[in-house]
Structure formats: structure tokens, C-alpha cells
Amino acid sequence: MILPPEEKTYHPSDGLFTDAHVPDFDAYLALYKKSTEEPEEFWADVAQEFYWKKPPSGPMLQYNFDVNKGNIYIKFMEGAKTNICYNILDRNVHERNLGEKVAYYWEGNSPDHHQNITYNQLLRNVCRCANALKLLGVKKGDRVAIYLPMIPELVYTMLACARIGAVHSIVFAGFSSESLCERIMDAQCNILVTADGVYRGDKLINLKKIASEALERCKERYVPVCCSLLSEEPLTNTDASNKLQVGQTVKLYGLLTVYDGFLAGKNLNRCASIHSFISVQGVLHTVTGYMLYTSLTFKYVFDYHHDDVYWCTADIGWITGHSYITYGPLANGATSVLFEGVPVYPHVGRLWEIIEKYGVSKFYTAPTAIRLLMKYGREPLQRYDLSSLCVLGTVGEPINPEAWLWYYDVVGQQRCPVIDTFWQTETGGHVLTPLPAATPLKPGSATCPFFGVQPAILNEHGEELEGEAEGYLVFRKPWPGIMRGVYGNQERFESTYFRKFPGFYVTGDGCRRDQDGYYWITGRIDDMLNVSGHLLSTAEVEAALTEHPSVAEAAVVSQPHAVKGECLYCFVTLKDHKEFNRTLMEELKRKVREKIGPIATPDFIQNAPGLPKTRSGKIMRRVLRQIARNEKDLGDLSTLADPKVVEVLFSQRCEAAA
């Protein structure tokens with residue numbers, strides 16, 4: 001009997017991980033046991049690798065997850081003092097002798113634009129930027145909004161904030177002026193750092209105009225915000241002789257040139273509990289726990305070694321970029337690719353071209369990017385040498401088995417394990433993930449918990465389910481990288497994550513645990529469909545649709561139904577040269593019926609030449625729901641990579657059950 005793809009297990013090629021940090025599953029189990037039964041000792045061992053001005057003054061970890069017992073809080077290494085920028089830059093340069101090692105291969109939107117940045121150069125530029133920010137009046141505890149594309153100055157600015165003790169709030173350089181204003185206001189930022197503009201593919205985005213509009217909106221509500229524009233125009237000392245006033249603009253590029261010099265990192269210490277950064281939705285992370293957790297997850301999940309070249313294709317405007325482009329890799333002295341462009345510009349082989357160019361060994365991208373590139377088949381890959389690859393990672397959403405297998409078979413040439421990582425902005429780093437040499441893989445499964453993470457599955461009544469089960473994914477105890485709160489809103493922090501099931505952190509995701517104890521993320525609980533009283537996971541339906549050989553990608557949303565309450569409205573993107581017709585629709589319906597059951601049979605299937613996605617590759621299901629319901633007032637679409645997709649989808653919308 002041939003098992004379905006998701007029930008097979010896959011192992012890395014023999015000899016691929018002879019020096020793995022976690023060489024087999026027994027080693028994983030031993031480390032996991034220590035991390036949960038002796039957490040103080042486990043995390044103390046990890047902390048020894050870093051510089052500390054002052055050690056912690058109390059227990060390693062203190063917390064309360066039960067709203068019935070008082071305020072929710074998480075404290076890690078309370079009283080310790082260190083500086084995260086010193087640990088990820090100065091330590092690499094001065095203690096580990098990595099100054100001449102490349103920290104980043106920067107690859108611009110155009111293949112003609114590229115730059116190698118060593119750890120020495122990175123440290124110098126971060127110090128220059130920190131000096132410039134200090135000159136502008138930025139001090140410890142201030143909030144700095146950063147609205148920059150994927151250029152080296154984005155890394156310089158965020159690490160400069162960390163160096164002087166300011167809190168950075170990075171806003172994805174694609175958000176509208178309204179969204180940017182909201183984020184500036186929510187974090188009460190003192191200053192905004194932006195650029196004049198950026199090309200994304202062949203599209204020019206006027207960041208300066210968007211930023212100016214955002215600042216005008218903020219000014220109307222009497223929030224003091226200053227704007228520093230990156231520009232290559234010359235600057236003299238007199239241009240920046242006074243600290244910024246409300247609404248004043250200076251050219252930060254010039255400040256970096258004028259205000260050179262080293263800014264000592266060891267003397268810029270911070271308490272462990274002080275905020276490191278504010279991410280989307282006001283999520284707060286702190287210095288020590290976040291630093292240790294991103295460092296350890298990066299090292300073990302990607303099995304990082306000194307000679308690796310690592311590439312995460314995310315944008316630093318999102319948490320994936322924070323954790324696995326900046327802090328995690330730099331804490332390990334890694335060499336990374338920093339990519340400004342998009343996967344299909346100026347040609348569909350751009351990602352594979354970059355992998356060959358830099359000899360990338362560890363590659364981390366989103367399932368949406370994989371499905372996009374699947375549309376173009378094997379031919380674009382066959383032009384390039386991908387033999388340097390040894391680990392393939394995915395992030396952002398559950399990966400469907402068909403995309404997993406294409407990634408494994410075609411990109412990894414059946415040599416490289418596919419590391420399907422589950423985590424959230426709130427978790428700071430990976431919480432469910434395979435380890436390359438240790439974990440037998442099942443396509444579509446996030447497999448097992450990372451060290452220190454203790455998952456559970458609950459039913460609607462909060463009862464814990466044992467063995468094979470499906471329900472709400474929760475965690476019973478914190479780990480160092482977990483969020484510490486929502487900025488300025490303790491009530492929202494507690495109600496969103498802890499009130500539904502007191503005593504647990506609630507992820508908001510559905511989850512299934514199989515007979516081997518592996519975890520399968522079934523999608524956001526809000527993305528569950530209630531069809532005739534039956535809860536269905538959109539992720540499961542999408543996976544069934546993409547098993548059809550003609551389908552490259554699928555997205556499923558709910559549509560109100562007079563009898564069922566809700567029904568399934570499916571958008572499918574076909575592979576090149578495949579035809580959308582009634583025969584195909586019937587085959588897709590049959591595929592879903594066979595895979596899930598008659599209750600899941602789609603009522604609507606729409607051809608979708610493209611899906612509305614953010615630049616980071618996430619499908620905007622809110623927009624799809626509105627298209628399905630023919631609601632033309634779509635609100636803010638500024639984060640869409642290609643807004644024209646929406647017009648096409650409206651024009652091809654199903655008017656009757658297909």
C-alpha cells in the first residue's frame with residue numbers, strides 16, 4: 001500500500017550532517033527533557049555564551065499565565081544587564097576575530113546593485129548611525145519608527161537603536177500613510193527614519209511622500225514626531241547643529257558621514273526587562289530573553305556552522321526579518337544574504353541565481369513564494385547550480401504537502417530536509433519545528449516543540465486532549481523569547497492571549513496531533529469555517545485543492561449561505577498552460593470530497609490568475625472574503641504587492657454556484 005504524501009517520513013541524505021549540533025532524535029529528546037525539567041540550568045548554559053555587565057539577581061524565569069491569579073507577567077533573568085548590539089557585533093569583532101568575515105551579501109532590487117558588508121564595516125556603520133541618532137536627541141527608552149526598504153541602512157538603524165538603548169519600531173516599507181501614522185502613534189515614537197523612495201520590481205514607491213503624509217496625520221493629533229530622510233545630498237556640520245524640532249527634516253545620510261567614530265557598546269548597558277523593540281500590533285519583546293532565544297533557535301533549527309551562507313527572504317519589517325535576518329544570525333556570527341528585490345524580477349529564476357552566486361547553504365522562505373515559483377516548473381531552476389543547499393526552511397503559514405514535496409524534490413534534489421517552522425510575532429522565535437539531522441519529516445507537519453516549549457491541545461471547554469487530537473494549540477509555560485506584553489495595553493495583552501483558557505498562552509491557531517506525537521497546524525481559529533455545524537480548516541481544504549496536478553496555489557474563504565450558514569468559496573491559481581474549465585472544477589470538488597468529506601465540498605471555485613499578497617508573500621484573506629461577497633469597499637490595500645490582482649479577481653468573480 002502506498003501511503004499519502006503526508007503520512008510518509010523523510011530523512012536527510014547520509015553524511016549531510018556529520019557534525020550536526022543535534023545529531024539524532026535521541027539527542028533531541030535528551031536536550032528537550034533538560035530544557036523542560038531543568039530550565040534554570042539549560043538557559044544558564046546558553047547565557048554563558050554572551051557578555052553580561054551584571055548577572056541576574058533572582059530566578060532565571062518567573063511568570064503567571066493564569067488571569068484568575070492576578071496580572072499576567074513573564075520575567076527572564078531579571079536584574080541582568082547587557083547590550084544586545086555589543087553581543088552581536090563587538091563580540092564577533094573583538095572576541096571571536098570575525099571582523100573581516102562577511103556579515104551580509106546585500107543584493108539589491110536590480111542584479112546590478114550588490115555589496116559585501118563585513119562585521120568590521122557593519123560595526124562601524126552602526127556606530128556612525130548611533131552617533132547621528134544621539135545628535136538628534138534620541139536617548140535610552142525613546143521609540144524610533146523605521147520605515148525603510150531592505151537596504152543596509154535598515155540594519156544599521158535598528159542596531160543603532162539597540163546600541164543606545166532606544167526602542168525600534170520597524171514598519172514594513174509598503175504600508176500606507178494611514179497605517180504608518182497608526183504605528184507611530186501606537187508606539188509614541190519620537191522620530192521617524194525613512195528613505196526618499198524604493199523600487200520594488202519595476203514599481204517605484206515614493207516613501208518620502210507616504211512618510212510626509214503620515215507625519216501630517218500625526219501632527220493633527222499633537223504627537224511630536226521628527227522625520228530624518230536618507231538622502232545622498234551633501235550635508236555640513238551646521239545643518240545638524242541643533243536637535244530636531246517637531247516636524248523638522250534632516251538628511252540622515254549626511255549625518256552618517258559627518259558624525260563618524262566608535263560608540264562603545266559595553267558601557268551602553270540595559271536591564272534584561274527593558275524593551276528591545278515593538279513589533280506589529282504593539283507586541284513587546286525584551287533584550288535578554290529575545291537575544292538568547294533567537295540565537296539558539298537559529299543555531300539549532302538551521303544547524304548553523306561557521307562556513308554556512310544563510311538566506312532568509314523575508315522583509316525585516318516583519319518579525320521573521322527581526323529574528324532570522326538580523327538578531328539570530330548576527331548572534332551566531334553568520335554570513336547572510338540581505339535581499340531587497342522580489343522573487344520574479346527581473347526574471348523568474350532570480351532566487352536560484354542568487355543561491356548559485358553566493359553558494360547559499362541554508363535557505364528560508366515562505367510557502368507562498370514556493371507555490372509562486374512552482375507555477376514556472378523545473379526549467380528556471382535547471383539553469384543554476386543549487387548543489388550548495390543543505391537545509392530548506394519554510395515560514396509564515398502551514399505548507400501544503402504538494403508544495404513541500406516540490407521544494408524537497410526539485411529545489412533540494414531530495415537531499416535537503418525541509419524545516420517547516422511554526423511560530424508567531426508573539427513567540428519571538430520558532431516554537432514547533434524539526435531539526436535538520438534529528439527529526440524524521442512529514443510533509444506539512446511542524447513536527448515537535450523546540451527546547452523549553454511545552455504545547456498542549458485543548459477543546460472548546462478548555463479540557464486538555466491527550467494522544468491523537470485536534471483543537472486549540474496552547475502553551476503551558478513561557479520560554480525566554482515570548483512577548484512581554486502589548487505596548488501600553490495590559491488589558492489587550494491578557495484578553496487576547498490568556499483569558500480564553502486561564503493558565504495557558506493561547507496561540508489563536510488550530511492544531512492536530514497525530515499518533516506519533518507530531519503537530520500539524522490547521523490554520524487560524526478565525527479562518528475556520530462552520531458549514532452546517534461542522535468546523536472545517538481552510539488550510540486542509542487548500543491542501544486538498546493543491547494536490548491536483550493543475551493547481552499551483554489555492555486560497556479558501558467563507559461565503560454566507562442561507563442553509564449551511566457558511567459555504568466554501570475557493571480561489572485557485574493554475575500552473576502555466578493549464579486551462580480552467582468545468583471539468584477541472586468537478587475534479588477539484590471530487591478531490592476535496594475524497595480528502596476531507598462531502599461536508600467540505602466547495603460551492604464556489606473561481607479562477608485566480610494571481611492572489612492578493614503582501615510583499616512578504618502572505619495572502620490577504622480579508623480581501624478575498626470581500627471579493628467573494630462582492631464588497632467593493634476594500635479599505636487599505638497599500639501593503640499589496642500588486643493591487644491590480646484585485647480588479648482581475650472581481651472581474652472573474654463567480655455569480656452562481658459553480
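Which residues in α4 meet which residues in α5? Before we answer, a word about what you are looking at. This is a predicted model, in which local features need pLDDT of at least 70 and side-chain atom pairs count only at pLDDT 80 or more, while totals for chains, interfaces and linings use all residues. Residues are numbered from 1 along each chain as its sequence is written, and side-chain values use heavy atoms, with hydrogens and water left out. Helices (H or I, at least four residues) and strands (E, at least two) are DSSP runs, numbered from the N terminus.

Now to the answer. From α4 come Leu 122, Leu 123, Asn 125, Val 126, Cys 127, Cys 129, Ala 130, Leu 133 and Lys 134, and they meet Val 155, Tyr 156, Thr 157, Leu 159, Ala 160, Cys 161, Arg 163 and Ile 164 of α5. Contact here means heavy atoms within 4.5 Å. Sorted by class, this contact has 13 nonpolar, two polar and two charged residues. In that sorting, Ala, Val, Leu, Ile, Met, Phe, Trp, Tyr, Cys and Pro count as nonpolar, Asp, Glu, Lys and Arg as charged, and the others, Gly among them, as polar.

How do these helices lie? Two packed helices are described by the angle between their axes and the distance between the axes. Axes are lines fitted to C-alpha atoms, for helices over the stretch in contact, and angles run from 0 to 180 degrees between N-to-C directions. Helix α4 (residues 119-135) packs with helix α5 (residues 152-164) at about 65 degrees, their axes being 8 Å apart. That angle makes α4 roughly perpendicular to α5. Angles under 35 degrees count as roughly parallel, over 145 as roughly antiparallel, 65 to 115 as roughly perpendicular and the rest as oblique. The crossing of α4 past α5 is right-handed; a crossing is left-handed if the near helix is turned anticlockwise from the far one by less than a right angle, and right-handed if clockwise.

Let us turn to the strands. Two strands pair if DSSP finds at least two bridges between them.

A second open sheet has five strands, ordered β22-β21-β23-β25-β26, with antiparallel pairing. Its edge strands are β22 (464-465) and β26 (519-524), each pairing on one side only. Inside it, β21 (residues 455-458) and β23 (residues 469-475) run antiparallel and are joined by four bridges. Leu 458 stands opposite Tyr 472 in β23.

The loops deserve a visit too. Most residues other than glycine have a negative phi, and most peptide bonds are trans. Thr 447 has a positive phi of about 65 degrees although it is not a glycine, and Thr 447 is found in the loop between β20 and β21. A cis peptide bond joins Tyr 345 and Pro 346, with omega about -5 degrees; Pro 346 is in the loop between β17 (335-339) and α11 (350-358).
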